[in-house]
Amino acid sequence: MTNKGLLVHTALGLYCPKADVYLDPWKPVKKAILSHGHADHARWGSSSYLCTPTAAPVIKYRLGEINLETLPFGKEKLINGVSFSFHPAGHILGSAQIKVSYKGEIVVFSGDYKTANDGFSEAFEPVKCHTFITESTFGLPVYHWQDQKWVFNEMEEWCKNNRNNGQLSILYGYSLGKAQRILQGLPKSVGPIFTHSTIEAVLNVMRNQGVSLKNTMPVNEHLTRAELLSGVIIAPPAVQNSNWLKKFEPIRNGVVSGWMALRGARRRRNADKGFVLSDHADWEGLNEAISLTGAENVFVTHGYTDILSKWLIDKGLNAHPLETNFEGDEVL
Amino acid sequence: MPILWKQISKGMRYFETLFLCLEETTKTNEKVSALIDYLSSVPDEDKMWMIGIFSGRRPKRTVSTKNLRRWAAEKADIPLWLFEDSYHIVGDLSETIALLLPPPAIEVQKSLNEWIQLILSLDKMEEDEQREMVFYAWDSLNTSSRFIFNKLITGGFRVGVSQKLMAKALAEFTHIDPSDIALKLMGEWSPLTYSFQSLIENEENEGSHSRPYPFHLAYSINEVTDLKGEPADWVAEYKWDGIRGQAIFRHGQYFLWSRGEELITDKFPEFEHLISVIPPGTVLDGEILPFKDGLILPFQHIQTRVSRKKITAAILKVNPVVFRVYDLLEWEGKDIRSKPFIERRTLLDQLFTSIDSSLPLQLSPVLPFDEFDELKILREASSENGSEGLMLKNKHSNYSAGRKKGEWWKWKIDPFTVDAILIYAQSGHGRRANLYTDFTFAVYSPEGDLLPFTKAYSGLTDKEFIEINQWIKKNTLERFGPVRKVTAELVFEIAFEGIQESKRHKSGIALRFPRMVRWRKDKVVAEANTLEDLQLLLKKSR
């Protein structure tokens, strides 16, 4: 391996001993650099954090009073001689790949990413490096995403159809990321957009930081069924089988996720309809991104680590699976 | 625009829409209306294939799945191992292939019947030619149509359209009585031998004299207090653990049907002699039971009878059977299913007064009782009589098709249970693809070895499965392809209906209908049952 010990895989997460910095640590540490604000990447309890300026407000909102510094995309920060910089990952607003370089060696940690431009998040930019640590959430050749325009057309049709049958359309997506993508992507014809309070809260954080978002109306008890039926509701996946929905019956559940590409997952989620729309790269996207880095060493994490590594090895790359939450040290 | 409509109606799209609709909804009304929409939109051949496919009469397999996998990997330009790994995760071969292939070159619209004819024509082709035809089909269909095509070619449709539901939709569509339709759908027919008109619309057809009636089925009860009415309204019988069968005597011929609507006449030649004692125009409902020297044998004896292609004299001698009858559906050539159960039973009793007791035909006895409480005692004693509980039948009920609440109840004896240790996990298929749900369990031998003795798939909630999955990922010791060996730490209560000796298993034991009842978070492995416990159960059950 070329960059001996620049990054180390530890029980707390990826660690740079030279700078005493962790990338997306799983447990509290002294210095944490965050790729984005999703809960499996941004954990509570570290003494100091660094992220992009666009990701910062939501991370603050979620983690409370923390010691948070920001670093704009493309700008370098030196910590004990090691250079760190953020580069757009296209996953959600403010999401970054983290580039770490020291004495000519470059390692890039992808965080979560998607290569297709969703028109809302800062578009993915490939970064040349020697070692690339890539996610592999959808690292199987069965995952192939349609253009998002096609998916939003499908959504529009579905919402119209439900309305004609007197059923209220509910679209499920995570409050950070997917909810904004659905909101911005839905055509005007679906009518007013009502939101669950947790989604509205995130939207308001973004509005306050100056992001332009469509108008929404939080669901409240004063809204009549006729009013609700003139539009659609966006809600977080967790409420799908909760009492909160009872008062809206009859409803149709539309789950918006890359996992909806498989019938088994659709049935498991009890989705009336699955919309295949993901904020992660599909198989082609992963392969394209890996190849654009020019990296000869690839570490594969978060997902189908074994399969994607084996495929990359077949293609002549030096690839290794990297289990998350793996106990023990491993030198990259 | 008539021309455009005609073009669309040619396509397999209608079937695809129907399939997705049936899969997406759990509501009967929506399923029925989707079926009617389909029936109103397609030509008769496509109607027949739809009915055939959803009742298990799929086109014959003409291409091996091994070849399909190879060709799909070739077409998708990926190595075979990657294809197999993907298949394992998706859990469905047809779906895996559909998702892996590149987008279609030019979409071609053919009817369901036309695609099936293409599939059937592969039978007489050389492998190269077959491959070319399959590539042509894949190149002509979009992802979701390809999935349907693959399902047709692999014969893997397993969508839930019950006979009742199908009959309901066809009845609404044709304005024929649903019970007549249900009858017409029974028995041996295929979309290749019957047209929609000859099967559904015509009054009689050639196959009709071999045709069985739809079986009446029982619901389970857990408490005798669930029974409505007075004790005098009910008849109690033992519940027999064999193969449910319907024996048909018509026009000097005899046919035996299983509940799965399979004609099993040839598997039980000993019943053929009954033609001389049962008058033509009689249909009997009962249980085929392994029976020797006055005793019912374990279920495995009848399994050999059904699984063997050829029934030799030796098999007949080692695994003799009887037909234990409990209902009369047709008498003197008349369908008497609408008569109350007690009247049918009286006629059946009369018929048996003339049956020689040396014949392999027996009457399932009625168990007398005056109070519901007495049923508890009868049920306790049922296993000593070779049965698995009680059947409770309402005297006034007619013999309806399928299940109907309040008519027949089964009250089974409590299953056996053991506490066993999880040692291997494998991901499931279908709804459970991508989730570890297929578990292998072990018990400790006296030497302290962990001996696997059963697999189980069902019985836990989705939430429990998710929790166990997280545990599995953190406690994997070894991986063999899709299987993970895990730390021997979790204990589960396994319920099962029977226990048998087995030479194929290292433990020497095989279970019937094993399933997980609960995750015993309160137990550690030392508290689980042992091989000795299982051997004791085996001894007791003999």
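Two strands are taken to pair if DSSP finds at least two bridges between them, and the strand orders below rest on that criterion in what is a predicted model.

1. The sheet of chain A. An open sheet with mixed pairing is built from seven strands of chain A, in the order β7-β8-β9-β10-β11-β18-β19. Its edges are formed by β7 and β19 (318-321) of chain A, each of which pairs on one side only. Between neighbouring strands the average turn is 20 degrees, with direction ignored.

2. Strand β7 (residues 76-79) of chain A runs antiparallel to strand β8 (residues 82-88) of chain A, and four bridges connect them; A:Glu76, for example, has A:Ser85 in β8(A) as its bridge partner. Two residues lie between the strands of this hairpin, where A:Asn80 adopts a positive phi near 50 degrees.

3. Helix α8(A) lies across β11, β18 and β19 of chain A, and runs at about 170 degrees to β19(A).

4. Domains of chain A. The domain assignment divides chain A into domain 1, comprising 8-142 + 280-331, and domain 2, comprising 148-275, and the C-alpha centres of these two domains of chain A are 29 Å apart. Their contact involves 12 residues of domain 1 of chain A and 13 residues of domain 2 of chain A; on the domain 1 side, seven of the residues are nonpolar, four are polar and one is charged.

5. The contact between the chains. Chain A contributes 16 residues to this contact and chain B contributes 22 residues. On the side of chain A, α6 (263-268) and α8 (305-314) each supply at least two residues, and α6(A) gives the most, with five residues. The classes on this side of chain A are seven nonpolar, three polar and six charged residues.

6. A helix of chain B. In helix α8 (residues 112-121) of chain B the buried residues are B:Leu112, B:Asn113, B:Trp115, B:Ile116 and B:Ile119. Because these buried residues fall within an arc of 160 degrees when seen down the axis of α8(B), they line one face of the helix. Their cover includes α2 (13-24), α4 (44-54) and α10 (143-154) of chain B.

Definitions and conventions:
Residues numbered from 1 in each chain as written. Chains lettered and ligands numbered in written order. Predicted model: local features only at pLDDT ≥ 70, side-chain atom pairs only at ≥ 80, totals over all residues. Domains from an automatic or database assignment. Contact = placed C-beta atoms within 7 Å. Nonpolar A, V, L, I, M, F, W, Y, C, P; charged D, E, K, R; others polar. Buried ≥ 20, exposed ≤ 12 C-beta atoms within 10 Å, placed from the backbone. Arc of directions from axis to C-beta. Axes fitted to C-alpha atoms, helices over the stretch in contact; angles between N-to-C directions.
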